[in-house]
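Thanks for passing this one along. Here are my notes, in the order I would read the structure with you.

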Amino acid sequence: MLDRVLGTAIGIKLVYGCLLGCFLFFTAFVYTSEVPETAALPDQELALRGKHIWQEKNCSACHQFYGLGGYLGPDVTNVMSAKGKGEGYVRAILENGTATMPDFNLSVKDIDALVAYLIESDRSGKSGREHFEKDYFGQIHLKDQTNIPQQ
Amino acid sequence: MSRSIGFLSIATGLCFLVAGILFGTLGGVFYLFPQELRDLLPFTKLRPLHVSSIIFWILFTAIGGLYLYLPRHKAKLANKLGLGQYMLLFTAAIAILGCYAVGIFGGREYWEYPPVLGIFIATSFILLALNFYKGLRHKPALEKWPVYRWMWLSGIVFFLFSFAESYLWLIPYFKQNLVRDMAVQWKSYGALVGSWNMLINGSALFVMEKISNDKTTARSPLTFFMFFLGLFNLMFNWGHHFYNLPVSNTIRYTAYLVSMTELLILAKIIWNWRNSLSQAQKYKHLLPYRFFTVADIWILLNLVMAILMSVPAINLYTHGTHVTVAHAMGTTIGINTMLLLASVSYACIKFRNGFSLSQVKLLNRGLYLSNASLLVFWLALIGAGVTKAILQTDNPEIPHAFLMQQLAPWFIGFAASGFGLAAGIILMAGQLLRAIINRRRIPEQNQRQLQTL
């Protein structure tokens with residue numbers, strides 16, 4: 001079977017074409033599949049500005065969203081709702097820096113924008129492993145399903 | 001295609017390797033003294049300088065291999081396209097590193113530079129694709145293509161596609177939703193890494209064919225099956241980067257199932273292990289083959305790790321820890337860099353004057369030192385990752401500063417081994433650069449390595 005399909009140039013081109021077709025179809029699915037709606041937030045424009053500042057200061061060199069980013073600083077996906085943290089804590093750090101995080105001399109407007117961006121990330125889902133449970137198949141699921149898109 | 005541009009590209013790649021390793025070593029030191037170095041050597045600059053230098057090492061050297069190994073077509077056109085491609089990529093690389101050095105960002109993780117510079121990289125790859133196409137059309141194949149040509153083609157096509165995809169965040173539909181944006185970002189990154197792996201693996205297979213003088217392997221149905229399995233993973237397994245992201249279950253289950261097909265690759269490696277050992281014995285006197293042998297060991301180690309990390313129930317604990325960094329370092333240094341060094345040493349032997357015995361000795365020392373250090377480095381990162389996972393699972397609210405203090409012994413391990421790794425790689429890069437630049441003929445009594453190919 002393997003020899004018959006992959007032993008000829010036409011068979012190889014056919015398999016390649018099929019894979020490419022499936023890839024493009026899956027790509028379209030990824031682009032259009034449901035995600036938690038955070039776009040309806042009242043301060044969407046401000047959050048977008050916060051996202052640009054996040055990129056301009058290269059915050060992802062040290063911080064993560066959903067565990068993706070650098071590991072020198074903490075994951076900030078849910079910093080706005082974390083016990084003992086929240087907006088006041090975030091503002092204080094953004095205003096002054098810490099022993100390891102430089103003071104970026106951010107203006108009040110910049111800090112407002114970054115806070116809005118962090119609120120958006122907090123509303124999009126949960127990243128800590130304590131929020132997940134495993135099924136018999138080895139897959140993980142959020143314990144609280146309210147943010148998972150419905151199939 | 002064009003040999004001189006091939007060597008120019010490889011030499012540039014080697015310089016980026018040295019730069020990347022030095023930035024990486026400084027990054028390791030920063031982990032030990034974050035407070036003291038906070039303003040002197042900001043990590044926001046060091047990390048992108050390190051990562052981008054290494055990416056450019058891979059791109060320049062893999063592309064250099066293509067120029068050396070592909071059929072040559074009309075010299076003038078090939079040279080023009082090649083030079084244009086090289087200049088665009090070089091301009092982009094220098095501008096990008098310059099931006100990082102002065103603190104101009106605006107992109108995202110791994111491509112942190114202002115997005116406009118991406119145009120240079122994309123155009124450079126379009127010229128490469130054109131050159132590749134012209135080269136193959138100039139000398140049409142009489143029989144079916146060997147697998148390495150398919151790999152090169154896939155590498156170029158998927159790089160262009162995924163690179164463009166990684167900029168979809170500029171469109172409001174994507175950037176306005178954090179989750180969709182992150183899903184597309186990591187989809188494109190997964191395929192980008194897969195695309196340059198295709199370029200590297202293609203060159204590695206080409207060199208293997210030349211060393212062993214066996215033309216059947218690169219054309220056998222089983223080799224094509226493994227190639228398609230790799231391509232299948234490049235296309236569909238990237239979801240294992242973000243099992244905790246609230247995306248559709250279809251994406252998460254597809255990633256899980258597709259990642260598990262890598263077990264077939266693992267099975268093949270174990271099945272062929274004895275054969276690989278006897279081959280390693282047969283060709284152990286060949287310098288490129290030594291690089292292949294160590295890459296084989298790193299492939300086995302990292303594949304086992306990748307398969308484990310792709311199981312969501314395990315990934316839940318490894319994700320967001322230094323285990324991920326260990327995997328990235330193990331694959332980039334242990335596999336990609338060793339395969340590229342094999343390709344460069346083959347090119348130096350085949351198309352330049354090869355190495356003198358003293359150079360071979362230094363290269364061997366560099367090889368042993370870098371790989372022994374990489375093992376310590378890799379284990380230290382795994383240790384840091386596992387410790388972090390245990391501490392965070394026991395106490396999800398553990399303060400980050402306290403967590404980092406607990407990991408300090410592992411950081412000392414990886415920073416210290418980083419120096420050994422840097423010394424070994426710089427030693428090898430220096431000898432390879434010497435062999436590329438030096439066009440003087442090596443005395444006959446010193447040509448043992450040359451004669452073996």
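Helices here are DSSP runs of H or I with at least four residues, numbered from the N terminus.

1. Please keep in mind that this is a predicted model. The scores are ipTM 0.91 and pTM 0.93. Chain B has an average pLDDT of 90, and 93% of the residues score at least 70.

2. Where pLDDT is low, the predicted coordinates should not be read in detail.

3. As for the overall fold, chain B contains 18 helices and zero strands. Its C-alpha atoms fill a box of roughly 65 × 50 × 45 Å along the principal axes. A compact globule of 453 residues would have a radius of gyration near 22 Å, and the 22 Å of chain B agrees with that. Buried residues account for 52% of the chain. Of the contacts in chain B between residues at least 6 apart in sequence, 82% join residues at least 24 apart.

4. Helix α8 of chain B deserves a look of its own. It runs over residues 178-212, and at 1.5 Å a residue its 35 residues should span 51 Å; the end C-alpha atoms lie 50 Å apart, which agrees. Because 30 of those 35 residues are buried, α8(B) is largely enclosed by the rest of the structure. After the helix comes B:N213, with a positive phi near 60°.

5. Which residues have the most contacts inside the largest nonpolar core? That core has 153 residues, and the ones in question are B:M182, B:A183, B:A295, B:M338, B:L339, B:A342 and B:L381. The largest share of the core, 18 residues, comes from α8(B). Leaving aside residues up to four places away in sequence, B:L381 touches B:H322, B:V325, B:A326, B:M329 and B:F414.

6. Finally, the interface: 63 residues of chain A are in contact with 62 residues of chain B. On the chain A side, the elements that each supply at least two residues include α1 (2-6), α3 (44-56), α5 (108-124) and the strands β3 (132-134) and β4 (140-142). The largest share of that side, eight residues, comes from α2(A). By type, the residues of this side divide into 29 nonpolar, 23 polar and 11 charged.

Key. Residues numbered from 1 in each chain as written. Chains lettered and ligands numbered in written order. Predicted model: local features only at pLDDT ≥ 70, side-chain atom pairs only at ≥ 80, totals over all residues. Expected span 1.5 Å × (residues − 1). Buried ≥ 20, exposed ≤ 12 C-beta atoms within 10 Å, placed from the backbone. Contact = placed C-beta atoms within 7 Å. Nonpolar A, V, L, I, M, F, W, Y, C, P; charged D, E, K, R; others polar. Core = buried A, V, L, I, M, F, W, Y, C linked by C-beta atoms within 7 Å. pLDDT = per-residue confidence, 0-100. Rg over C-alpha atoms; globule rule 2.2 N^0.38 Å.
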